[in-house]
Amino acid sequence: SVVLARNESVWRGRVLFVIREEDEASYYVNMLSNEIRRRLIGADHLFSRVTASRRRTGDRAQLESMLRQSFDFAIVMYDSPYVVKRLEKAGMPYVVIASGPVFCGSGCKGVIRFVKDEAINDFVLHCQNSGVRSVTEVDFGRPDTESAAKALSKVGIAVSSLSVRPDASCSGLESVERGAMKTFLSISERKFPDVFLFWDDCVENFVGEFDAAETLFD
């Protein structure tokens, strides 16, 4: 127990970090969440994280429970109209972290955007200098996925895409890794490009996780 005077507070503020159900296994989202948590706690702010989903009853109940508490601010990871509408209804100010268009209401205090153009340009230049003639982008097939296709095509490098579907027989990170393994094992070696461009760390990680994948790439 901590006894405080009437004008004292343990925390300067309380911040709620909201992620989508499909991003729970994302290496990048988890690393970003941990770094934001570290910095906020270092600045004397209480940090809480919650997963939101329209479909899962437990997730909805958890989000509703959080919104009934006295949070001062929310950070929404990626575009999530359902979450934004709930925050608007609760009267909680928020910011959205996203790489594409987002749904925002009157309570939105700003949008933090990922700008990867510079990284893509560096990648394309490296491909040119290395004599790369073909690139396959590996992603989850979502419309908001980043792409280097336009920049690669401009310099005459052939581009194709390969979409990974998480394995529904398991959950979390394992579902992504197994889905990636199945996708790659279905490809004929004759169709391999000069370079695979992975847009997700978890998809790339499967190479070192399964013997069959290791055999494929050996």
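Me: A salt bridge is a side-chain nitrogen of Lys or Arg within 4 Å of a carboxyl oxygen of Asp or Glu. How many salt bridges does a search of the whole structure find?

Reply: The search finds six salt bridges. This is a predicted model, in which local features need pLDDT of at least 70 and side-chain atom pairs count only at pLDDT 80 or more, while totals for chains, interfaces and linings use all residues. Residues are numbered from 1 along each chain as its sequence is written, and side-chain values use heavy atoms, with hydrogens and water left out.

Me: OK. Which residue forms a salt bridge with Arg39?

Reply: Glu35 does, and the closest N and O atoms of the pair are 2.8 Å apart. Arg39 and Glu35 are separated by about one helical turn because they are four residues apart in helix H1. Helices here are DSSP runs of H or I with at least four residues, strands are runs of E with at least two, and both are numbered from the N terminus.

Me: Is Arg39 buried or exposed?

Reply: Arg39 counts as exposed because its relative accessibility is 57%. Glu35, at 28%, counts as partly exposed. The cut-offs are under 20% relative accessible area for buried, over 50% for exposed and in between for partly exposed, with a 1.4 Å probe and protein chains only.

Me: Which salt bridge links distant parts of the chain?

Reply: The side chains of Arg86 and Glu64 meet at 2.5 Å, N to O. Arg86 is in helix H3 and Glu64 in helix H2 (residues 57-67), 22 residues apart. Arg86 counts as buried because its relative accessible area is 15%, whereas Glu64, at 22%, is partly exposed.

Me: Switching to strands. In what order do the five strands of the open sheet come?

Reply: The order is S2-S1-S3-S4-S5, with parallel pairing. S2 (45-52) and S5 (108-113) are the edge strands, each pairing on one side only. Two strands pair if DSSP finds at least two bridges between them.

Me: How many bridges for strand S3 and strand S4?

Reply: Four, in the parallel sense, between S3 (residues 73-77) and S4 (residues 94-98). Met77 has Ile97 in S4 as its bridge partner.

Me: What does helix H1 lie across?

Reply: H1 (residues 27-42) lies across S1 (13-20), S2, S3 and S4, and runs at about 155 degrees to S2. Such angles run from 0 to 180 degrees between N-to-C directions, and the axes are lines fitted to C-alpha atoms, for helices over the stretch in contact.

Me: What order does the open sheet of three strands have?

Reply: S7-S6-S8, again with parallel pairing. S7 and S8 are the edge strands. Neighbouring strands of this sheet are turned by 25 degrees against each other on average, direction ignored.

Me: How many residues of S6 are buried?

Reply: Five of the six residues in S6 (residues 134-139) are buried. Six bridges join S6 to S7 (residues 158-163), with Ser134 partnered by Ala158. On S8 (residues 195-198), S6 has four bridges; Val135 stands opposite Val195 and Val138 opposite Phe198.

Me: Last topic, the largest nonpolar core. How many residues does it have?

Reply: It has 19 residues, and Leu16, Val83, Leu87 and Tyr94 have the most contacts inside it. S1, S2, H2, S3, H3 and S4 each give two or more residues to this core, and H3 gives the largest share, four residues. A second, separate core of 13 residues includes Val15, Ile19, Ile75 and Val95. A nonpolar core is a set of buried Ala, Val, Leu, Ile, Met, Phe, Trp, Tyr and Cys residues joined through side-chain atoms within 4.5 Å.

Me: What does Leu16 touch, not counting residues up to four places away in sequence?

Reply: Among its contacts are Val50, Met66, Leu67, Phe71 and Phe73.

How values were computed
Contact means heavy atoms within 4.5 Å.
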